[in-house]
Amino acid sequence: PRLRTLGLHCNELTDDGGCALARATALPSLRSLDVAYNEIGDAGLIALAGRPALTMWPADGNMASEEVLAASRTPGRLTIRRPGRGATAPLARPRHR
């Protein structure tokens, strides 16, 4: 339960994997999640953005739209509208090691 950093880059994760990580209740202390260079699309990255405890998560090299990928690289926090739902999800700026 004290895992704070998890590196999953280059693991062929898809939207299903991103959504599963977003729902994972066994990772309450997770603050940094590297999901760069997987196959995660908009749904998976937006689901991850909904995890408020995540402060750092490189997402480049995934299959998300340019809008979502660009938002994940923007300084500060911003909001992306979830398609068709009218709800929003915060996206945190990735910090590189």
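1. Nonpolar core. In this predicted model, the largest nonpolar core holds 19 residues. L21, L33, V35, L45, L48 and W57 have the most contacts inside this core. Three helices, α1 (15–23), α2 (42–49) and α3, each contribute at least two of the core residues. The largest share, four residues, is supplied by α2. As a general background, nonpolar side chains in soluble globular proteins tend to be buried together.

2. L21 within the core. L21 is among the residues with the most contacts inside the core. Leaving out residues up to four places away in sequence, L21 touches L6, L8, L13, L27, L33, L48 and R51. Two of these partners, L33 and L48, are also listed among the residues with the most contacts in the core.

3. Helix α1. The buried residues of α1 include G17, G18, C19, L21 and A22. Their cover includes β1 (5–7), β2 (32–34) and α2. An α-helix has 3.6 residues a turn, so residues three or four places apart point the same way. Among the elements of the chain, α1 has the highest mean pLDDT, at 94.

4. Overall arrangement. The protein chain contains three helices and four strands, and their order along the sequence is β-α-β-α-α-β-β. Of its 97 residues, 40% count as buried. Among contacts with a separation of 6 or more, 56% join residues 24 or more positions apart. The chain exposes about 5500 Å², of which carbon and sulfur atoms supply 52%.

5. Strand β2. S32 is part of strand β2. S32 counts as buried because its relative accessibility is 7%, with the limit for burial at under 20%. Beyond four places in sequence, S32 is in contact with R4, T5, L6, L54 and M56.

6. N62 sits in the loop between α2 and α3. Is N62 buried or exposed? At 9% relative accessibility, N62 is buried. The N62 side chain reaches the backbone oxygen of A59 at 2.8 Å, and a polar atom of this side chain lies 3.4 Å from the backbone nitrogen of E39.

7. Positive phi values. Two residues deserve a look here. E12, in the loop between β1 and α1, has a positive phi of about 60° although it is not a glycine. Y37 has a positive phi near 55° and is likewise a residue other than glycine; Y37 is placed in the loop between β2 and α2. E12 counts as exposed because its relative accessibility is 63%, and the limit for exposure is over 50%. Y37 is also exposed, at 53%.

8. Cysteines. The count of disulfides is zero. A disulfide is a covalent bond between the sulfur atoms of two cysteines. C10 is exposed, with a relative accessible area of 53%. C19 has a relative accessible area of 19% and is therefore buried, given a limit of under 20%.

9. E66. E66 belongs to helix α3, which spans residues 66–72. The relative accessible area of E66 is 52%, so this residue is exposed. D42 is 24 residues from E66 along the chain, and the C-alpha atoms of the two are separated by 9.4 Å.

10. Confidence. Mean pLDDT over the protein chain is 77, and 73% of the residues score at least 70. Which element has the lowest mean pLDDT? Strand β3 (residues 78–81) does, with a mean of 41. Over residues 75–97, pLDDT stays under 50. Where pLDDT is low, the predicted coordinates should not be read in detail.

Conventions
Residues are numbered from 1 along each chain as its sequence is written. This is a predicted model: local features need pLDDT of at least 70, side-chain atom pairs count only at pLDDT 80 or more; totals for chains, interfaces and linings use all residues. Side-chain values use heavy atoms; hydrogens and water are left out. Buried means under 20% relative accessible area, exposed over 50%, partly exposed in between (1.4 Å probe, protein chains only). A nonpolar core is a set of buried Ala, Val, Leu, Ile, Met, Phe, Trp, Tyr and Cys residues joined through side-chain atoms within 4.5 Å. Contact means heavy atoms within 4.5 Å. Accessible areas come from the Shrake-Rupley method with a 1.4 Å probe; for residues, only the protein chains shown count as cover. A disulfide is a pair of cysteine sulfur atoms within 2.5 Å. A polar contact is a pair of N or O atoms within 3.5 Å; within protein, one must be able to donate a hydrogen and the other to accept it, and residues adjacent in sequence count only if both atoms are side-chain atoms. pLDDT is the predictor's confidence in each residue, from 0 to 100.
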